[in-house]
Amino acid sequence: MIAFAIDSSPLPGSTTEVSRSRRCPRGRRRRPAVLPGFGVSAAITSIVVFSLIVFPLAVLVLRAASLGPGGFLAAAWTPRARAAYAVSLGASLIAAVLSSALGLVVAWVLARFRFPGRRLLDALVDVPLALPTAVAGLVYSTLYVPKGWLGQWLVPLGIKGAYSFLGIVLVLVFVSLPFAVRVVQPVIESLDRDTEEAARILGASRLQTFLRVVLPGILPAFVTGFALSLARALGEYGSVVFISGNMPFKTEIAPVLIVSRLEEFAYAEATTVAVLLLAMSLALLVVVNTLQQRLARNAQ
Amino acid sequence: MSTDASRPIAALLIAAAVAIVGVLIVVPLVAVFAEALAPGVAAWWRALTDDPDTRHAIWLSLTVAPVAVAINTVFGVAAAWLVARFRFPGRSLLISFFDVPFSVSPVVAGLALVLIFGRQGLLGPTLAWLDWKVIFSWPGLVLATTFVTLPLVVRELIPVMEAIGPDEEMAAVSLGANGWQVFWRVTLPNIRWALLHGIVLANARAMGEFGAVYVVSGHIAGATDTMPLRVEKLFQEYRQPASMAVASVLAGLALVTLVAKFVIEHRLATEARDLERARSADGTTHDATLEAA
């Protein structure tokens, strides 16, 4: 358990989450008030959490609520905003599907096979976590323009990866890939291979073994990876502004709309769109937390 | 499982994984440096150092990130101590609040700060009276950066502190150590690698943050542009080579971060193994699940 908690990927909010609910047995827990520092740490923590998280988000929601239901709808449900939600949701869903599917392949290979360069491949998966999103957006847009490294081959085939919907999907897959890989990878590593072998010996085909034995084991992690990727993709801004072209009604995502409304001092519209986006992210956070608790229970 | 039959499938899957990581991650990473250095190293250096606005952006990033990371370190240690060492009502709710900045769009976070500190904001009139500027200024950049990096340190520390357990700290207290002595002599040495890990991750995120900072900065060249914002501005001005030059510095920083992360994770794994061995030898706190995992 200790090894699990520390070796697990530092990917925040995901695998570490698992270890949270797999904490030490209660019997070894100390009773409060023996150790010092409760007051100081509680004070620092609550001041920071309140002033940086609770208060700003409450102000945002109250500001939107002050418009009244009619005003809220009028600001949040304009044709341009509806188009932005569609682009945001569509691109994020496609990206999350792609990144959890591709992530599964990468996680499987890293967990199951030993080959030269495996550790390098493993390390490279973390690059999108460390690379600033602006850099990713900039370089992706230069790669996929007609004269770019990849664009010179793809554009003649009709595949436009820059200043298009596809471009949005591409950068969203990039930013969410590590989340998809790092949630599934430890679960595949912990799968009991004897069961798979038994299934094969008993005459199951490779596909049957995968569907009936492996898949049920990794499904919760896979869904968690999907939800995390979706949450990451929905909120992403930095990389998308570079590659999407940001054309209203076509390639404008919700966060870009918020920024452009804010720059026009249209606070009501910016705020209401932001509140809808916030509601979606928080709903996804609840889904992820519930899934991860289940994941932790399965692991035990 | 017959290895002979599965070998072609293994080769296929490995090739697929290499292709995925290659196209999505390696090609862009190589392209940043190739494009940045294409005009030559001298031109690259001039692009970084000749433009006063770029110089200012580098300096600003180097000052905003450490402050945000420092706040995060203090908060992370305090919050992890609170959550890993005490049970109290509202504890689980508090832990889920730590995750909020991960799922909230940075743009939404930036907007919330504007609604509080902006001229039209809740505290706008008060700040104007005090003649303090938060939005479109340095404090706003620090606040936005702190928000997006908030979970990184605390999330690293909680699992490690829970795994180590409070026994050593309780022993120290029972031998008469005060709070600071316990922290400096027992807790900190135990969590130092996890803390460093969190700091490295928080710093990388702080240097690279774009969305939240974009909203609160007002994007004033030579005043509130950080490095990632400078990349965007140069790109908008069709100064691709200069934009790539700044981007390559950020990408280099990301690589340094990953190497540091790799080394620290190795240390963490070693310490976890030592801890496990000590526990097993101890016998008293031995727990079958320790080894199962």
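## Close-up views of a predicted model

**View 1. Domain 1 of chain A against domain 2 of chain A.** About 570 Å² is buried between domain 1 of chain A and domain 2 of chain A, with 77% of that area from carbon and sulfur atoms. The model is predicted. Three residues, Leu60(A), Arg63(A) and Ala64(A), supply 68% of the area that domain 1 of chain A buries against domain 2 of chain A. By class, the side of domain 1 of chain A that touches domain 2 of chain A has 5 nonpolar residues, 1 polar and 1 charged.

**View 2. The two domains of chain A and the contact between them.** Domain 1 of chain A covers 36-66, and domain 2 of chain A covers 68-299. Their centres, taken over C-alpha atoms, are 29 Å apart. Domain 1 of chain A puts 7 residues into the contact, and domain 2 of chain A puts in 8 residues. Between these domains there are 0 salt bridges. Polar contacts are present: 2 residue pairs, both partners at pLDDT 80 or more.

**View 3. The interface of chain B and chain A.** Chain B brings 108 residues to the contact, and chain A brings 100 residues. Together the chains bury about 9600 Å². Carbon and sulfur atoms account for 78% of that area. Across this interface, 6 residue pairs are in polar contact, with both residues at pLDDT 80 or more. On the side of chain B that touches chain A, helix H1 (residues 3-37) of chain B gives the most, with 23 residues. That side of chain B has 78 nonpolar, 15 polar and 15 charged residues.

**View 4. The salt bridge between chain B and chain A.** The count between chain B and chain A is 1 salt bridge. The side chains of Lys261(B) and Asp126(A) form a salt bridge, at 2.5 Å from N to O.

View 5. Arg182(A) sits in helix H10 (residues 165-190) of chain A. Its relative accessibility is 5%, so Arg182(A) counts as buried. The cut-off for buried is under 20% relative accessible area. The side chain of Arg182(A) makes a polar contact of 3.2 Å with the side chain of Asp126(A). A polar contact of 2.7 Å joins the side chain of Arg182(A) to that of Gln185(A).

Key. Residues are numbered from 1 along each chain as its sequence is written. Chains are lettered from A and ligands numbered from 1 in the order in which they are written. This is a predicted model: local features need pLDDT of at least 70, side-chain atom pairs count only at pLDDT 80 or more; totals for chains, interfaces and linings use all residues. Side-chain values use heavy atoms; hydrogens and water are left out. Contact means heavy atoms within 4.5 Å. Buried area is the accessible area (1.4 Å probe) that two parts lose on being put together, summed over both. A salt bridge is a side-chain nitrogen of Lys or Arg within 4 Å of a carboxyl oxygen of Asp or Glu. A polar contact is a pair of N or O atoms within 3.5 Å; within protein, one must be able to donate a hydrogen and the other to accept it, and residues adjacent in sequence count only if both atoms are side-chain atoms. Helices (H or I, at least four residues) and strands (E, at least two) are DSSP runs, numbered from the N terminus. Ala, Val, Leu, Ile, Met, Phe, Trp, Tyr, Cys and Pro count as nonpolar, Asp, Glu, Lys and Arg as charged, and the others, Gly among them, as polar. Domain bounds come from an automatic or database domain assignment. Buried means under 20% relative accessible area, exposed over 50%, partly exposed in between (1.4 Å probe, protein chains only).
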